[in-house]
Amino acid sequence: MFNKFIKRPVLAISVSACIVFMGLLAINLSPISQFPEIAPPRVNIFIEFPGSNADVLVKSTLTILERAINGVQGMQYIISDATSAGEASIEVIFEPGTDPTLAAVRVKSRVDQVMPNLPPLVQREGVIISPLQPSMLMYLNLYSKDNSVDEKFLFNYANTYILPELQRIKGMGLAQAIGSRSFAIRVWLNPERMRAYSISAEEVLKAIDKQSVLARPGRVGLSSGKKAQSQEYVFTYKGWYNTPEQYQDIVVKANANGEMLKLKDIAEVEVGSEFVDIYSNKDGKASASLVLKQNPGSNANKVIEEVKVKLKELEKDFPPGVEYEINYDVSKFVDASIEKVLHTLLEAFLLVAFVVFLFLGDFRSTLIPILAVPVSLIGAFIFMNFFGLSINLITLFALVLAIGIVVDNAIVVVEAVHVKMEEDNLSPYEAVKKVIDEISGAIIAITMVMTCVFVPVAFMSGPVGVLYRQFSLTMAGSIIISGFVALTLTPVLCAILLKNTHGLSKKRSLVRKFIDWFNAKFDSATGRYTRLLELIANRKLVTYLILIGFGIGIVGVDRVLPAGFIPSEDQGQIYAIIQTSPGTTLERTNEISRKLQSLAKEIEDIQSVTSLAGYEILTEGRGSNAGSCLINLKDWSERKHSVKQVIEELEEKSKDLPAVIEYFEPPAVPGYGTSDGFSLRLLCKKSDVDYQDFDKVNADFVAELKKRKELSGLFSFYSAKYPQYEITVDNELAMQKGVSVGEAMENLNIMIGSTYEQGFIRFNNYYKVYTQAGPEFRKQPSDILNMYIKNDHGEMVPYSAFMKITKTQGPNEIARYNLYISSLINGTPSRGYSSGDALSVIKEVAANTLPRGYDIAWEGLSYDEAKRGSEALYIFLIVIFFVYIILAAQYESFLLPLQYCFHCYLEYLERLECLKLLDLLMMFMHKWELLCLLVCLEKMQF
């Protein structure tokens, strides 16, 4: 069949040209990413309960929602986090392969069942459910170049004009500004004047609600079918008040004598922010920090590209002095990584060309297999597109390795043609005709064997299976095309390009002298190797001793060889997590984060630093004693040090700051959490949780982990030492004074915690009206006792008459994992150790030190790595079986293939041992030199 292509060379060349053309089309259509979609789908639930603390959020909301969601179809585990900033989130992590939209629908149906059981304010704020990638797609700052505007203006400008535009971009899952700096009308109540006028906070809220009304008065002149009207009129009303002056004139109390008490008599009204819970700045300038996340399954590069185009378009309308800067961009690292892989691809191609020329000895013979390589590699993209694979580091790495494999089939044909021309003195055309008849079956068999080595790997499950699938299908596709090219294009090129020069004298050039010298040395080495085999072939004891030696070496290396999932890479970004002592004010935390920002800017390799006080980027939690710095490094070509070295320098510079500061890199795999390294949870499985005991166990466990040399960068945010005051109400005294305990607590919620009953429309946005006691009346804990509540007789009763406060301690943030109270512990393997080593050490320490009722659980990438089984071994056995079946069919024997399969098994084990040696070689050899060595060894083996 393949002889037809020799007679029709134009057909053979046209078919290969079509393969290249279709491959180029597939390249343009395929998405580009760092890694394939391996992170499990997540559904995020955001809850807001203004004025509540973490414990109230857990008891009133999280427990109800978690119980309802727990066990939803396809769920792996569920985590939640509640803060005393009145916010909470729940993340439901699903099995890989689950449709994110379907997962969100399943979660919503569970949430809807228990919505009536949630507090009214939570229902009013809404329970927001969305499928999102947890890691950032982009992070950018909107800032004032000359400090002409403040954070409040920048936040609201972004919220009004920028974020709505970005949110409409296809594939954008979330575009938000960090913090709650939205405009709000703040009603600052004066408790002393309220007492003097016998006004309660509830009366103020009712007055606002009754007079700031979104009315719908209707129309007159409507047709009634009875009598025709001459004109129709629509009544309008100004609706909600939207200026401070309008709210100041609200009448709180009035009598028949015309005396009126207005809101401005007992409160100050101004336009402010919802909450001042975060301070944000970039390089010392006020900024609004914007975080962008993508939808699952979207093309990250396309989303980022459209974001950049949209920002350039919006920049034209920015206020004077306002600019933006992209501080983190996933595509930046992806583009740099792909560029390096493409360089390696070119280097490997050139090295293969050199080795082929070295062994074949002339340029014409070298040109033929070299032309076959790009056809096979570009054609592999057809298979990638057909199976839905993306262009990523894994598939490109497969193509790098495929270069040395796809060239083999073409070399077999070229060498066979040379043999026929030399032995039978045939013309290239006649030699090709004979060769095709003789070796076409062998080439098909080789292609099938090599393909069946990779195809079974595509059936591995889990996130590891996704990576292997990308690798194996890419390799298999390139090998299949290389086999086809070897039987179509390569014979035609041999017939066209080769000349029978065997037996003719050749010009003694420098190149020819070098090749002759190399061949002589290689033949000499081959002869010595042959004599060695003849010497030991009949000495079974030597063979068995060598085999036993390899076996012992394999076992030994297996014990020390590090195990891991995906190694971390220098992504040009560092996260600095700041934790000040519990109870530290937001202003003090901001001061420390600004100091760290200044220290970081002194380092030459750092380009920009964004400081966030009140926000912790790992869990995206809020707290006055939490802070983060996003440190953006210069381009890899512009700096002299790696990210690890920069972190070491940062640690040295910041060691004297009065805070705990830890540094992390972004996650190795986008979508797996927010930081690199390992993530685990310490769980308390007791029925009654004592937060203080849990804090002690957590601190002791982290201390034990820090003693192990395999672990570094250990950090846990959990603390139950946050200063708190417990309120104790004497019910008897309260009832004697005519005070309802429920009304007293609700009054405190308004005066201390703040609340809102309505909103207003401005700048085409919905904003809220918050009512709260003025800051000067709630500075100290004892101020609560100086406030008053109106009893059922209309008298103002001080809280001190029936209430006591006791100083205590508790958590500011409560995290849960699978319904258990937990603490998140992050860290990284120490230099020289892998993530597998770190996980093993953590399990060992947990088993030896944790008291009864406590356990650990894994999160993110560590979860999948910890549950990884021996599936790879089973896949390897399946590969051996397929190789055996194909060879048995080829040789018509069930015994002959056993030798080859046993050799494959030994070679597999030997290469495991070689990994350790290669790890050492990498310390001393440049990658180009090592690649050259590997290619040469591969050719010598062939």
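Lys 721 forms a salt bridge with Asp 695 in this predicted model, with the closest N and O atoms 2.9 Å apart; a salt bridge here is a side-chain nitrogen of Lys or Arg within 4 Å of a carboxyl oxygen of Asp or Glu. The pair links distant parts of the chain, 26 residues apart: Lys 721 sits in the loop between strand S21 (711-716) and strand S22 (722-729), and Asp 695 in helix H22 (residues 691-706). Helices (H or I, at least four residues) and strands (E, at least two) are DSSP runs, numbered from the N terminus. Asp 695 is buried, with a relative accessible area of 6%, whereas Lys 721 counts as partly exposed at 46%. Buried means under 20% relative accessible area, exposed over 50%, and partly exposed in between (1.4 Å probe, protein chains only).

Residues are numbered from 1 along each chain as its sequence is written. The model is a predicted one, in which local features need pLDDT of at least 70, side-chain atom pairs count only at pLDDT 80 or more, and totals for chains, interfaces and linings use all residues, while side-chain values use heavy atoms, leaving out hydrogens and water.

By the salt-bridge rule, the count comes to 29. One of these joins Arg 588 to Glu 591, with the closest N and O atoms 3.1 Å apart. Both residues lie in helix H20 (residues 586-601), three residues apart, about one turn of the helix. Arg 588 is partly exposed at 31% relative accessibility, and Glu 591 is partly exposed at 38%. Another salt bridge connects Lys 655 with Glu 652, the closest N and O atoms being 2.8 Å apart. Here Lys 655 is exposed, with a relative accessible area of 53%, while Glu 652 is partly exposed at 48%. A network of salt bridges also links Glu 165, Arg 168, Lys 310 and Glu 313.

Turning to the strands, S2 (residues 75-83) is mostly covered, nine of its nine residues being buried. S2 pairs in the antiparallel sense with strand S3 (residues 87-94) over seven bridges, and with strand S28 (residues 813-817), also antiparallel, over five bridges. Two strands pair if DSSP finds at least two bridges between them. Ala 82 stands opposite Ala 88 in S3 and opposite Ile 814 in S28. S2 and S3 form a hairpin with three residues between them, and Gly 86 in the turn has a positive phi of about 85°.
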